[in-house]
Amino acid sequence: MIKKIAILTSGGDAPGMNAAIRAVVRMAVYNGLEVMGVRRGFAGLINGELFRMDRHSVSDIIQRGGTMLRTARCEEFKNEEVRQKAANILQAYGIDALVVIGGDGSFTGAKLLSKLGVAAVGIPGTIDNDLSYTDYTIGFDTALNTVHDAINKLRDTSTSHERVSVIEVMGRRCGDIALYAGLAGGAEGIIVPEKNFDKEELIRTILDGKNTGKMHNIIVLAEGVGGANELASFIENISGLETRATILGHIQRGGSPTVNDIVLASRLGAKAVEVLMKGETARVVGIRDNQIIDEDIDEALAKKRNFDDNLYEIAKILSL
Ligand code: F6P
(Lines give C-alpha, C1' and ligand atoms only; values in the text may rest on other atoms or scores of the structure.)
Protein backbone atom coordinates (compact mmCIF):
# COMPACT_ATOMS: atom_id res chain seq x y z
CA MET A 1 0.00 0.00 0.00
CA ILE A 2 1.56 3.29 -1.03
CA LYS A 3 0.70 6.44 0.89
CA LYS A 4 2.94 9.13 -0.44
CA ILE A 5 4.23 9.76 -3.96
CA ALA A 6 6.61 12.27 -5.53
CA ILE A 7 6.55 13.63 -9.06
CA LEU A 8 9.21 15.19 -11.27
CA THR A 9 9.76 16.20 -14.88
CA SER A 10 13.11 15.44 -16.47
CA GLY A 11 15.02 16.00 -19.72
CA GLY A 12 13.71 18.35 -22.41
CA ASP A 13 10.40 19.97 -21.55
CA ALA A 14 7.35 19.15 -23.69
CA PRO A 15 3.97 20.88 -24.00
CA GLY A 16 1.45 18.85 -22.01
CA MET A 17 3.80 18.03 -19.15
CA ASN A 18 1.79 20.40 -16.95
CA ALA A 19 -1.44 18.62 -17.82
CA ALA A 20 0.23 15.32 -16.85
CA ILE A 21 1.43 16.78 -13.52
CA ARG A 22 -2.09 18.01 -12.85
CA ALA A 23 -3.57 14.61 -13.63
CA VAL A 24 -1.14 12.78 -11.36
CA VAL A 25 -1.62 15.18 -8.45
CA ARG A 26 -5.41 15.32 -8.70
CA MET A 27 -5.80 11.55 -9.16
CA ALA A 28 -3.47 10.88 -6.24
CA VAL A 29 -5.26 13.35 -3.95
CA TYR A 30 -8.62 11.89 -4.98
CA ASN A 31 -7.36 8.49 -3.86
CA GLY A 32 -6.13 9.79 -0.51
CA LEU A 33 -2.42 9.83 -1.32
CA GLU A 34 -0.01 12.55 -0.25
CA VAL A 35 1.97 14.17 -3.06
CA MET A 36 5.29 15.96 -3.16
CA GLY A 37 6.66 17.82 -6.16
CA VAL A 38 10.34 17.70 -7.01
CA ARG A 39 11.83 20.75 -8.73
CA ARG A 40 14.42 20.46 -11.56
CA GLY A 41 14.15 16.74 -12.21
CA PHE A 42 16.69 14.29 -10.83
CA ALA A 43 19.15 17.16 -10.28
CA GLY A 44 16.67 18.80 -7.90
CA LEU A 45 15.92 15.49 -6.22
CA ILE A 46 19.58 15.06 -5.28
CA ASN A 47 19.52 18.57 -3.81
CA GLY A 48 16.37 17.81 -1.82
CA GLU A 49 14.20 20.33 -3.72
CA LEU A 50 10.87 18.83 -2.65
CA PHE A 51 7.64 20.56 -1.70
CA ARG A 52 4.18 19.47 -0.70
CA MET A 53 1.46 19.61 -3.37
CA ASP A 54 -2.31 19.57 -3.12
CA ARG A 55 -5.11 19.85 -5.66
CA HIS A 56 -4.72 23.66 -5.74
CA SER A 57 -1.00 23.46 -6.55
CA VAL A 58 -1.95 22.42 -10.07
CA SER A 59 -4.70 24.98 -10.72
CA ASP A 60 -4.46 26.98 -13.94
CA ILE A 61 -1.64 24.93 -15.49
CA ILE A 62 -3.54 22.51 -17.74
CA GLN A 63 -3.28 24.88 -20.71
CA ARG A 64 0.29 26.03 -20.17
CA GLY A 65 3.41 24.92 -22.03
CA GLY A 66 6.66 24.09 -20.24
CA THR A 67 6.65 22.45 -16.83
CA MET A 68 5.75 24.12 -13.54
CA LEU A 69 8.19 21.72 -11.83
CA ARG A 70 11.06 22.92 -14.05
CA THR A 71 13.32 20.35 -15.61
CA ALA A 72 16.97 19.50 -16.10
CA ARG A 73 19.24 16.97 -17.72
CA CYS A 74 21.23 15.22 -14.99
CA GLU A 75 24.42 13.47 -16.13
CA GLU A 76 25.35 12.78 -12.50
CA PHE A 77 22.44 10.39 -12.16
CA LYS A 78 24.45 7.78 -14.10
CA ASN A 79 26.52 7.45 -10.93
CA GLU A 80 25.17 4.82 -8.51
CA GLU A 81 26.21 6.78 -5.40
CA VAL A 82 24.24 9.77 -6.64
CA ARG A 83 21.19 7.58 -7.22
CA GLN A 84 21.53 6.14 -3.73
CA LYS A 85 21.50 9.71 -2.39
CA ALA A 86 18.26 10.34 -4.30
CA ALA A 87 16.74 7.15 -2.85
CA ASN A 88 17.80 8.23 0.66
CA ILE A 89 16.15 11.61 0.23
CA LEU A 90 12.90 10.01 -0.90
CA GLN A 91 13.06 7.67 2.07
CA ALA A 92 13.72 10.59 4.44
CA TYR A 93 10.45 12.16 3.27
CA GLY A 94 8.58 8.86 3.63
CA ILE A 95 7.93 8.70 -0.13
CA ASP A 96 7.00 5.23 -1.41
CA ALA A 97 6.80 5.91 -5.12
CA LEU A 98 8.03 8.30 -7.81
CA VAL A 99 6.37 9.43 -11.04
CA VAL A 100 8.88 10.50 -13.71
CA ILE A 101 7.66 12.44 -16.73
CA GLY A 102 10.26 12.51 -19.51
CA GLY A 103 11.93 10.61 -22.32
CA ASP A 104 14.15 7.54 -22.51
CA GLY A 105 17.03 9.00 -20.47
CA SER A 106 14.61 9.90 -17.68
CA PHE A 107 13.08 6.41 -17.83
CA THR A 108 16.52 4.88 -17.43
CA GLY A 109 16.94 7.02 -14.30
CA ALA A 110 13.56 5.81 -13.00
CA LYS A 111 14.44 2.20 -13.74
CA LEU A 112 17.76 2.40 -11.89
CA LEU A 113 16.08 4.12 -8.95
CA SER A 114 13.50 1.35 -8.77
CA LYS A 115 16.37 -1.11 -8.28
CA LEU A 116 17.13 0.79 -5.06
CA GLY A 117 13.68 0.07 -3.71
CA VAL A 118 11.73 3.13 -4.89
CA ALA A 119 8.56 2.21 -6.78
CA ALA A 120 8.72 4.15 -10.04
CA VAL A 121 6.50 4.75 -13.03
CA GLY A 122 7.36 6.68 -16.18
CA ILE A 123 5.07 8.90 -18.26
CA PRO A 124 6.32 9.60 -21.81
CA GLY A 125 6.86 13.33 -22.18
CA THR A 126 8.97 14.39 -25.16
CA ILE A 127 8.26 16.15 -28.43
CA ASP A 128 10.43 13.58 -30.25
CA ASN A 129 7.93 10.66 -30.25
CA ASP A 130 10.96 8.39 -30.06
CA LEU A 131 9.72 5.85 -27.48
CA SER A 132 8.95 2.63 -29.30
CA TYR A 133 6.48 1.11 -26.85
CA THR A 134 3.94 3.93 -27.18
CA ASP A 135 2.25 5.24 -30.33
CA TYR A 136 2.54 8.84 -29.11
CA THR A 137 4.41 10.84 -26.50
CA ILE A 138 3.12 13.95 -24.74
CA GLY A 139 4.20 17.08 -26.64
CA PHE A 140 4.58 15.49 -30.07
CA ASP A 141 1.23 16.72 -31.36
CA THR A 142 1.84 20.28 -30.17
CA ALA A 143 5.30 20.34 -31.72
CA LEU A 144 3.79 19.12 -34.99
CA ASN A 145 1.30 21.96 -34.98
CA THR A 146 4.07 24.46 -34.29
CA VAL A 147 6.16 23.07 -37.15
CA HIS A 148 3.12 23.01 -39.42
CA ASP A 149 2.46 26.67 -38.70
CA ALA A 150 6.11 27.49 -39.44
CA ILE A 151 5.99 25.55 -42.73
CA ASN A 152 2.90 27.49 -43.81
CA LYS A 153 4.57 30.81 -43.02
CA LEU A 154 7.75 29.81 -44.82
CA ARG A 155 5.70 28.70 -47.81
CA ASP A 156 4.27 32.21 -48.21
CA THR A 157 7.68 33.78 -48.51
CA SER A 158 9.09 30.87 -50.55
CA THR A 159 6.25 31.23 -53.06
CA SER A 160 6.67 35.00 -53.32
CA HIS A 161 10.37 34.63 -54.12
CA GLU A 162 10.04 31.31 -55.95
CA ARG A 163 12.60 29.83 -53.60
CA VAL A 164 13.34 26.47 -52.07
CA SER A 165 12.97 26.36 -48.29
CA VAL A 166 14.90 23.82 -46.21
CA ILE A 167 13.39 23.52 -42.73
CA GLU A 168 15.28 21.63 -40.05
CA VAL A 169 13.14 20.20 -37.25
CA MET A 170 13.94 18.52 -33.93
CA GLY A 171 13.48 14.87 -33.01
CA ARG A 172 16.94 13.67 -32.02
CA ARG A 173 17.50 10.36 -33.89
CA CYS A 174 13.79 10.02 -34.70
CA GLY A 175 12.24 11.31 -37.93
CA ASP A 176 8.61 11.42 -36.76
CA ILE A 177 8.36 15.21 -36.39
CA ALA A 178 9.76 15.63 -39.90
CA LEU A 179 7.50 12.91 -41.33
CA TYR A 180 4.17 14.02 -39.83
CA ALA A 181 4.75 17.77 -40.11
CA GLY A 182 6.22 17.30 -43.59
CA LEU A 183 3.17 15.39 -44.74
CA ALA A 184 0.78 17.90 -43.20
CA GLY A 185 2.76 20.77 -44.70
CA GLY A 186 2.78 19.23 -48.18
CA ALA A 187 6.58 19.12 -48.23
CA GLU A 188 8.19 18.11 -51.52
CA GLY A 189 11.01 16.42 -49.63
CA ILE A 190 11.15 14.76 -46.20
CA ILE A 191 14.60 13.72 -45.03
CA VAL A 192 14.81 11.49 -41.96
CA PRO A 193 17.51 9.36 -40.31
CA GLU A 194 15.46 6.18 -40.83
CA LYS A 195 15.62 6.44 -44.64
CA ASN A 196 18.46 6.68 -47.12
CA PHE A 197 18.73 10.16 -48.50
CA ASP A 198 19.17 10.28 -52.26
CA LYS A 199 20.39 13.80 -53.04
CA GLU A 200 20.04 13.36 -56.79
CA GLU A 201 16.44 12.21 -56.44
CA LEU A 202 15.73 15.36 -54.42
CA ILE A 203 17.22 17.57 -57.13
CA ARG A 204 15.12 15.79 -59.76
CA THR A 205 11.97 16.28 -57.66
CA ILE A 206 12.71 19.98 -57.25
CA LEU A 207 13.43 20.55 -60.95
CA ASP A 208 10.47 18.44 -62.12
CA GLY A 209 8.28 20.53 -59.82
CA LYS A 210 9.63 23.75 -61.27
CA ASN A 211 9.03 22.49 -64.82
CA THR A 212 5.43 21.65 -64.00
CA GLY A 213 4.77 25.10 -62.51
CA LYS A 214 5.54 24.74 -58.79
CA MET A 215 6.24 28.14 -57.26
CA HIS A 216 8.14 26.86 -54.25
CA ASN A 217 9.66 23.77 -52.70
CA ILE A 218 9.52 22.85 -49.04
CA ILE A 219 12.11 20.37 -47.82
CA VAL A 220 11.71 19.19 -44.22
CA LEU A 221 14.93 17.87 -42.73
CA ALA A 222 15.15 15.98 -39.43
CA GLU A 223 17.93 17.11 -37.09
CA GLY A 224 19.03 13.47 -36.87
CA VAL A 225 20.31 13.94 -40.44
CA GLY A 226 21.16 17.62 -39.93
CA GLY A 227 23.16 20.01 -42.07
CA ALA A 228 20.38 22.38 -43.23
CA ASN A 229 22.78 25.09 -44.41
CA GLU A 230 24.94 22.63 -46.38
CA LEU A 231 21.87 21.08 -47.95
CA ALA A 232 20.52 24.51 -48.95
CA SER A 233 23.87 25.37 -50.65
CA PHE A 234 23.88 22.02 -52.43
CA ILE A 235 20.32 22.51 -53.74
CA GLU A 236 21.05 26.08 -54.85
CA ASN A 237 24.29 25.12 -56.62
CA ILE A 238 22.88 22.17 -58.52
CA SER A 239 19.33 23.35 -59.25
CA GLY A 240 20.10 27.02 -59.73
CA LEU A 241 17.10 27.87 -57.53
CA GLU A 242 17.55 30.30 -54.67
CA THR A 243 17.38 28.31 -51.44
CA ARG A 244 17.15 29.34 -47.78
CA ALA A 245 17.61 27.23 -44.66
CA THR A 246 15.63 27.69 -41.43
CA ILE A 247 16.48 25.77 -38.27
CA LEU A 248 13.35 25.93 -36.14
CA GLY A 249 15.06 25.03 -32.85
CA HIS A 250 13.51 25.36 -29.42
CA ILE A 251 10.39 27.16 -30.61
CA GLN A 252 9.17 23.58 -31.20
CA ARG A 253 9.20 22.85 -27.49
CA GLY A 254 7.10 25.83 -26.38
CA GLY A 255 3.51 26.98 -26.53
CA SER A 256 0.20 25.81 -25.13
CA PRO A 257 -0.45 22.11 -25.60
CA THR A 258 -3.00 20.99 -28.17
CA VAL A 259 -6.20 19.31 -27.01
CA ASN A 260 -4.74 15.97 -28.16
CA ASP A 261 -1.72 16.43 -25.92
CA ILE A 262 -3.82 17.57 -22.95
CA VAL A 263 -6.14 14.59 -23.25
CA LEU A 264 -3.25 12.18 -23.69
CA ALA A 265 -1.40 13.69 -20.71
CA SER A 266 -4.51 13.49 -18.54
CA ARG A 267 -5.14 9.85 -19.43
CA LEU A 268 -1.51 8.86 -18.88
CA GLY A 269 -1.26 10.76 -15.59
CA ALA A 270 -4.36 9.04 -14.24
CA LYS A 271 -3.05 5.65 -15.35
CA ALA A 272 0.33 6.21 -13.68
CA VAL A 273 -1.35 6.66 -10.30
CA GLU A 274 -3.54 3.60 -10.89
CA VAL A 275 -0.42 1.51 -11.65
CA LEU A 276 1.35 2.67 -8.48
CA MET A 277 -1.75 2.01 -6.38
CA LYS A 278 -1.76 -1.59 -7.60
CA GLY A 279 1.66 -1.87 -5.94
CA GLU A 280 3.54 -2.13 -9.21
CA THR A 281 6.98 -0.70 -9.88
CA ALA A 282 9.38 -0.13 -12.77
CA ARG A 283 6.51 0.41 -15.22
CA VAL A 284 5.86 2.94 -17.95
CA VAL A 285 2.48 4.04 -19.25
CA GLY A 286 1.69 4.70 -22.88
CA ILE A 287 -0.94 4.57 -25.60
CA ARG A 288 -1.41 1.85 -28.21
CA ASP A 289 -4.34 1.73 -30.62
CA ASN A 290 -5.94 4.45 -28.49
CA GLN A 291 -5.84 2.23 -25.38
CA ILE A 292 -3.86 3.38 -22.37
CA ILE A 293 -1.41 0.64 -21.43
CA ASP A 294 1.37 0.01 -18.93
CA GLU A 295 4.44 -2.07 -19.49
CA ASP A 296 7.64 -3.17 -17.79
CA ILE A 297 10.20 -0.39 -18.15
CA ASP A 298 13.01 -2.71 -19.34
CA GLU A 299 10.82 -4.27 -22.01
CA ALA A 300 9.59 -0.87 -23.12
CA LEU A 301 13.10 0.54 -23.44
CA ALA A 302 14.34 -2.56 -25.31
CA LYS A 303 11.69 -2.26 -28.05
CA LYS A 304 12.94 -1.26 -31.49
CA ARG A 305 11.24 1.71 -33.04
CA ASN A 306 9.22 1.10 -36.21
CA PHE A 307 9.32 3.96 -38.66
CA ASP A 308 6.09 4.37 -40.62
CA ASP A 309 7.41 3.55 -44.11
CA ASN A 310 3.91 3.55 -45.54
CA LEU A 311 3.21 7.10 -44.37
CA TYR A 312 6.56 8.17 -45.76
CA GLU A 313 5.66 6.77 -49.19
CA ILE A 314 2.21 8.36 -49.08
CA ALA A 315 3.76 11.74 -48.23
CA LYS A 316 6.03 11.42 -51.27
CA ILE A 317 3.20 10.59 -53.65
CA LEU A 318 0.87 13.29 -52.34
CA SER A 319 3.42 16.07 -52.75
CA LEU A 320 4.23 15.29 -56.40
O1 F6P B 1 14.35 15.66 -26.71
C2 F6P B 1 13.81 16.88 -27.04
C3 F6P B 1 14.80 17.73 -27.79
O4 F6P B 1 14.19 18.97 -28.08
C5 F6P B 1 15.37 17.11 -29.06
O6 F6P B 1 14.48 17.17 -30.14
C7 F6P B 1 16.63 17.90 -29.24
O8 F6P B 1 17.59 17.16 -29.95
C9 F6P B 1 17.08 18.14 -27.83
O10 F6P B 1 15.94 17.97 -27.00
C11 F6P B 1 17.68 19.50 -27.57
O12 F6P B 1 18.15 19.50 -26.27
P13 F6P B 1 18.52 20.83 -25.44
O14 F6P B 1 17.25 21.55 -25.13
O15 F6P B 1 19.19 20.31 -24.23
O16 F6P B 1 19.38 21.65 -26.33
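Modeller: Gladly! Strands β10 and β11 (residues 291-296) run antiparallel, joined by six bridges. Strands here are DSSP E runs of at least two residues, numbered from the N terminus, and two strands pair if DSSP finds at least two bridges between them. This is a predicted model, where local features need pLDDT of at least 70, side-chain atom pairs count only at pLDDT 80 or more, and totals for chains, interfaces and linings use all residues. Residues are numbered from 1 along each chain as its sequence is written, and side-chain values use heavy atoms, with hydrogens and water left out.

Biologist: Which residue is the bridge partner of isoleucine 287 in β11?

Modeller: That is isoleucine 292. The two strands form a hairpin with two residues between them, and aspartate 289 in the turn has a positive phi of about 50 degrees.

Biologist: In which sense do β5 and β10 pair?

Modeller: Strand β5 (residues 119-124) pairs with β10 in the parallel sense, over two bridges. Arginine 283 in β10 stands opposite valine 121.

Biologist: How many residues of β10 are buried?

Modeller: Buried means under 20% relative accessible area, exposed over 50%, and partly exposed in between, with a 1.4 Å probe and protein chains only. In β10 (residues 283-288), five of the six residues are buried.

Biologist: Why does threonine 243 count as buried?

Modeller: Because its relative accessibility is 6%. Threonine 243 belongs to strand β9 (residues 243-247). Beyond its neighbours within four places in sequence, threonine 243 is in contact (heavy atoms within 4.5 Å) with Val164, Val166, Ala232, Ile235 and Glu236.

Notes: Helices (H or I, at least four residues) and strands (E, at least two) are DSSP runs, numbered from the N terminus.
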